[in-house]
Amino acid sequence: MMRRKNDGAVAVYVLLTTGVLLTATLGVSNLALQGLQRVRQDRNSVLTEQASFAALDQAISKSYYDLDTNSGKLVYTSLNVAADVNSITPGATAQVYITPTADKIAYITAVVTYKGITRSVRSYITEKDVGIWNNAIFAGSGATGQAINGNVDIRGSVHILGDGEPYTDLNGSGSRDAAEAFTDKNKNGIWDPGEVYTDSNGDGAYTVAEPYNDTNGNGAYDPPLTQTDMDTTLTGSAYIGNNYSGVPANILAVIPAAPTVGGVAQLGTEVRVKHGMISIGGAASVGTSSIVDGGLSKGSIDGSYVNDGYTGNKGASAVSSDNGTTNTYDLGGLNISMPIISGIGAQQYKDKTGSMWSTHQAYLDSKSLTIPVSTLTSGTAAFTYGPDANGNSISFKPASGGSPAEINITGIVKVAGNLQLGNPKELITYKGKGTLYAAGDMNIDADIMPASGLTFPTGTHMGFIALKNMNLATGAGSSHLSMAGAFYAQGQIKSAKQTEVAGTFVSNFFDMGKNVPKIYQVPTLASNMPPGMPGDKHYYSFKVRSFRDRSPLPGQADTFQGGTPYSG
């Protein structure tokens, strides 16, 4: 009897134990299954996140590369990119949205749903045309103290390279070699084999002077500026500003109003110097911390990007910039260079039709209308030339009965040598859309302004190209001049007296005089260029300002459909 009772107890114990073990086993199994499910969920979440980042990167790249096609504008776009992320998340839905919210500002959003998981990421981007002509002054070579020097008033961006004059690097050393000294035994002025020489570069061979393009005609090679060279010296009341405050009424009357951001007028002024320092002394300043026009105009500049910094008795303390004063040159990856149109260093030129030319001068010489004029003043007799096979034409009416002289120009018109444009105290107006090209120097001693009722550069525009040098108000009797245009000289632009210019100067060298010459950038010029101007290619600065994960919470759906397109 006792044994049966024991046997029954054992049976119950075994059953209980088996039940416990089964429950534990099922629990462990369920836990394992949940773990595997969580691992799969986490893996799918990671893959969805990776796909959303890939889609975002693609959308950012597309918005950048589409700028040329869209005339520099960010355009509302909605794209299905599922096929592009298929290798990461097969069968996923993937959509990207480029949503401009203001001029040159956009949100870019990517939304990917994969196996029930949605991930969404967004970037805030800004872009800007930083091309050569979207400045008040663009300087190529520059020479110590010569890029911008003195008491000048500049409203708008300044971009100085300081790269030095172009040369032919015969030995591939990466720097220009002057002729090595030698003993000229036979007095023929050149080194002959066998004559003793000084091997300055240690290459074991006599080095001849490497040829260079003497763009400023000073008879000497101007090298790249060093970290201690001064490419800009601002003295007196010199000022680089971000507004049109105080600009004369006759200038404001012929140009568009300054752009506004949040109701504040501003030119988007940025200062860039690749080589050399900016010296600031006296009352000179770059931007201002003061309130301008009661807060209706911006005082500080948008950005300062100066590799070698500021110096002078005021230095960086006289700079008011949104990004401070320690940022270095930021456009190195764009390879922006001074457009050389003739001689050593001249680049190939791609015209509006996509055709390539060996040099820009070759394009200008082939596509321009040459006229037999070397002096054009308000008293020059009326004339008309063209149109030619390329559609170039020019007509001129002298001043008469109180009406100023007038040029009507279309296309590119060439003067074979030097051009004297105007006499002191004359006004020459222009209409049409064209460019005057002088194969030598161009001297301007008259006011050059749009014809009555026209706006530069949207209603009419005129470009001025000097293959050598351009001199403004340097003639005897020249005084305070007013001009509106796009001005290019391969050599030097000299702006004397109190000349006031609406537009842009592009040159290798500048002489801004001592009488407070002024230049006011017109931001719409970069998109309304006169025909055939050197350096008319667009370059864009593209910056991702912020990023955030905007994925919906579990159980929520993503309802973003791209937002409201900006219609400005």
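I began with the lining of the second largest pocket, which by class has six nonpolar, seven polar and four charged residues. Here Ala, Val, Leu, Ile, Met, Phe, Trp, Tyr, Cys and Pro count as nonpolar, Asp, Glu, Lys and Arg as charged, and the others, Gly among them, as polar.

A note on the model: it is predicted, local features need pLDDT of at least 70, side-chain atom pairs count only at pLDDT 80 or more, and totals for chains, interfaces and linings use all residues. Residues are numbered from 1 along each chain as its sequence is written, and side-chain values use heavy atoms, leaving out hydrogens and water.

I looked up the space in this second largest pocket and found about 270 Å³. Among its 17 lining residues, Lys 352, Tyr 363, Ile 412, Pro 531 and Gly 532 are the closest to the centre. (On a 1 Å grid over the protein atoms alone, a pocket is an open set of points with protein on both sides within 12 Å along at least five of seven lines; a cavity is a set where a 1.4 Å probe fits but cannot get out; lining residues have an atom within 4 Å of a point.)

Which strand gives the most to this lining? I found β24, with three residues.

Next I turned to cavities, and the structure holds two of 30 Å³ or more. The largest has about 60 Å³ of space, and its lining includes Trp 133, Met 529 and His 538.

Conventions:
Points joined across faces, edges and corners; volume = space filled by probe spheres on them. Helix = DSSP H or I, 4+ residues; strand = E, 2+ residues; numbered from the N terminus.
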